[in-house]
Amino acid sequence: MQDSARRLLSTCSALVRYPHTGESITIGRCSRRFAQVAGSGSEQLVQVPEGRLKELLQAEVQYLATVPIRALSLRDVLDCLNPCDLAALIHSDAPKRFAVRIRMIENLSGWRDVPELVGIHSNMTSWYRMLRLVQRNSESAGGLSEFATCIKNIRALGKSVVSGVVVGMHKLRQAADDGSYSDEFLNAWMDGFLLSRIGTNTLLDQFAACLAKDNGGLGRPTGIIDPECDPTKICGDAARVVSRLCQNETGYAPPIVVETYAADIPRVQVDSPRLFSYIPSYLRYIMVELLKNSLAATVQTARSREEVECCPVHVLVTTDEHQVAIRVSDRAGGMPSAASHRIWSYLYGAAARNDHVATRLAGYGVGLPLSRLHARYLGGELEVRSFPGFGTDAYLVLQRLDREQVETLPSDGNLVATRQISGRFT
């Protein structure tokens, strides 16, 4: 299959224009020899039938899904803040990431019978095509308008992917009569799929954030990354947001206490913020999810407003030279040990089960596994420890040095496992 893909790709090495409606489209194939002889940068235009183009792109997806993706560090991204450089990186890297996820779906036996998976596959194939055919003028940021529109469209259309894939995998398990899809397999598959999605979105969002406002971007000098991210402030902001949400949803809100300690000064830090390079939106997402769980559990187990107010949720932020560690502690009674494994599953919340209704506080039941993925993406970790009868502690550990904040990519085991399930490439 790889040899066939390479032969097909050799006939169309650089697709650079959106197709028009019709039976064939015009694509550009860069002719370096012509440019050298004629002294110009002209392109050779080639008419390609629509069916042939689909065949080329399908072959390319199959091939690129096998090409290793280089893991990026936060330092790599900070060293690439020019929108033109970011666009070039996305043009070469993002298609590989989409190809991996497309093949992950295709390697699932029975995926064509699940409307949600069919829809996600169709969308990702369309986004892959958009990225391969979009024009990108590398001369200046002003020539990136078409590319920027492409990125915005992909991000806007991809907002429903998480709920769609969770529902789809739940249906896939129900439809499998032979029990071939275990919870362990499905959760591992979704971890890999959604971790890859986080990596792709990081690149796309970084480009949109760095692009100047005049060109349709946000005009942020360092994009979505904050070289002086203050974890204590983010925890405080998240506490206020979740406290208001809990009050509005239930009429109660337990107190939230945020304290900061540093290894070099063993006492509570008040006016000495401990800063590090990080993506604030990822930390904010994790903290909101952790606090929503703690506050919801506290209100649910309390018997009165007075009892709620006597059960504060404690957030401890600690730092040293290498790490930022955050602990969220509640006194909501903990979880039964027999049910503790379900907190990392995508298959028991409202997103996967029609008999459960999502609320703004309880969410769709995928907040914890997604939070763990966001922590792991840049080399961190999230763990939860339950103390039955007392409460629950969540431990978040993040790398503080940007050279150690290297993205975690889905393992090859995700594709290997799906091949074993399907028995063949579809």
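In the predicted model, strands β8 (residues 381-387) and β9 (residues 391-399) run antiparallel and are joined by seven bridges, with L382 standing opposite L396 of β9. Three residues lie between the two strands of this hairpin, where G389 takes a positive phi near 90°. Strand β9 is also joined to β7 (residues 323-330), again in an antiparallel arrangement, through eight bridges, and within this pairing T392 of β9 is the bridge partner of D330.

These pairings belong to an open sheet of five strands, ordered β4-β6-β7-β9-β8, in which the pairing is mixed. Its edges are formed by β4 (256-262) and β8, each of which pairs on one side only, and the twist from one strand to the next averages 15°. Helix α11 (residues 280-301) lies across β4, β6 (313-319), β7, β8 and β9, running at about 15° to β7, whereas helix α13 (residues 367-377) lies across β8 and β9 and runs at about 140° to β8.

The largest nonpolar core comprises 108 residues, of which W189, F193, F207 and M287 touch the most other members. Helix α9 (residues 183-210) gives the most to this core, contributing 13 residues. When its neighbours within four places in sequence are left aside, F193 is in contact with R101, M104, I105, I120, M124, V161 and V165.

The buried residues of α3 are E50, L53, L56, L57, A59, E60, V61 and L64.

Note on methods
Residues numbered from 1 in each chain as written. Predicted model: local features only at pLDDT ≥ 70, side-chain atom pairs only at ≥ 80, totals over all residues. Heavy atoms only, no water. Pairing = 2+ DSSP bridges. Helix = DSSP H or I, 4+ residues; strand = E, 2+ residues; numbered from the N terminus. Core = buried A, V, L, I, M, F, W, Y, C linked by side-chain atoms within 4.5 Å. Buried < 20%, exposed > 50% of the residue type's maximum accessible area, 1.4 Å probe, protein only. Contact = heavy atoms within 4.5 Å. Axes fitted to C-alpha atoms, helices over the stretch in contact; angles between N-to-C directions.
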